[in-house]
Amino acid sequence: MKFTKMCGAGNDFIVLENFNGSICSDDLPALARKLCRRCFSVGADGLMVLEPPEGDADCKMLFFNNDGTTAEMCGNGARCLCRYCIDHGLSENVPRIETPAGLVTGERLAPDIYRIRLNTPTGYRRDALPGCDYLELGDPGIPQAVIRADLTRSRKELRDFACTLRHDAAFPRGANVNLYQLMGDNELRLLTFERGVEDFTLACGTGNGATVAALTLRGLVSGKQTRVINDGGILTVDYLPGTKELYLTGPADAVYEGEIL
């Protein structure tokens, strides 16, 4: 079984092709748990499995968190897949990727920098909980909670706070919890507690997009080339409320290729 290890702003993934259906779909959750374990020689935040598209796209992406649960989409993962599709001849200049949350398109700005259009924000609720906004990317999409926090507090305090929100009854499907702190003009610091990983990750692409969309609607950032500082690096988000177009730009690195025997 051949695989590719990829990384986008510290968010790392294992990519497997399954165009011929050789991997049974029932086996994918267990495979994700096995391959993504950090004690395993590969290890990753998630597994992305490529299958034939059902519509006008280059491939269909199935995404599994490292605990074997599924997610509707992954922004950093989709950006990495854009590079994968171009590097492996699955598409030319504008990759088109099917996801359960909708079609994601991308473009290469440089050999290691890619820009994708994220799924359209839906279901925005301002103050779904006091001071906490809620929205999804896609319909249905990945649920996202966005709340301001003092990110100088200890990671344990922040983790406990985020974990409580992640399971709050206000979010029946659970939610990624995005803790942000404004750093300056059109710039913020972000920590995302991801459901399925059940911890902070070095970056979360959909979390970056959702947070900037929510803060744009609140008038706290411009939504144009908004800089988001993550543990894994800096991502740039553009949000156009009039059209609801949401774009994510950042690195996509091919780490190595290997084979599992």
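User: In which strand is Gly-141 found, and what makes a stretch a strand?
Analyst: Gly-141 is found in β11, residues 141-148. Strands are DSSP runs of E with at least two residues, helices are runs of H or I with at least four, and both are numbered from the N terminus.

User: What kind of model is this, and what limits apply?
Analyst: It is a predicted model, in which local features need pLDDT of at least 70 and side-chain atom pairs count only at pLDDT 80 or more, while totals for chains, interfaces and linings use all residues. Residues are numbered from 1 along each chain as its sequence is written, and side-chain values use heavy atoms, with hydrogens and water left out.

User: How do you know what confidence the protein chain has?
Analyst: From pLDDT, the predictor's confidence in each residue on a scale from 0 to 100. The chain has a mean of 94, and 99% of its residues reach 70 or more. Confidence is lowest in strand β5 (residues 70-71), with a mean of 90, and highest in strand β15 (residues 226-230), with 98.

User: Why is Gly-141 called buried?
Analyst: Buried means under 20% relative accessible area, exposed means over 50%, and partly exposed is in between (1.4 Å probe, protein chains only). Gly-141 has a relative accessible area of 0%, so it is buried. Leaving aside neighbours within four places in sequence, Gly-141 has contacts (heavy atoms within 4.5 Å) with Glu-72, Ala-101, Glu-136 and Arg-173.

User: What is the peptide bond from Asp-139 to Pro-140?
Analyst: The bond is cis, with omega near -5°. Pro-140 sits in the loop between β10 (132-138) and β11.

User: Why is Cys-82 said to be in no disulfide?
Analyst: A disulfide is a pair of cysteine sulfur atoms within 2.5 Å. By this rule the count is 0. Cys-82 is buried, at 0% relative accessible area.

User: What makes the largest nonpolar core a core, and how many residues has it?
Analyst: A nonpolar core is a set of buried Ala, Val, Leu, Ile, Met, Phe, Trp, Tyr and Cys residues joined through side-chain atoms within 4.5 Å. The largest has 46 residues, and those with the most contacts inside it are Met-48, Met-73, Leu-81 and Leu-188. Helix α2 (residues 75-87) gives the most to this core, with 7 residues. Apart from it lies another core of 18 residues, among them Leu-129, Ala-145, Ala-170 and Ala-175.

User: How do you know that the buried residues of α1 are on the same side?
Analyst: The buried residues of α1 (residues 28-36) are Leu-28, Leu-31, Ala-32, Leu-35 and Cys-36. They cover an arc of only 110° around the axis, and so lie on the same side of α1. The arc is that of the directions from the helix axis to the C-beta atoms. These buried residues pack against β2 (11-17), β3 (46-51) and β4 (59-65).

User: Why is α4 called largely enclosed by the rest of the structure?
Analyst: Of its 13 residues, 12 are buried, so α4 is largely enclosed. The buried ones include Thr-206, Val-212 and Leu-215.

User: Is Glu-198 exposed or partly exposed, and where is it found?
Analyst: Glu-198 is partly exposed, because its relative accessible area is 32%. Glu-198 is found in the loop between β13 and β14 (199-201), and its phi is near 60°, a positive value in a residue other than glycine.
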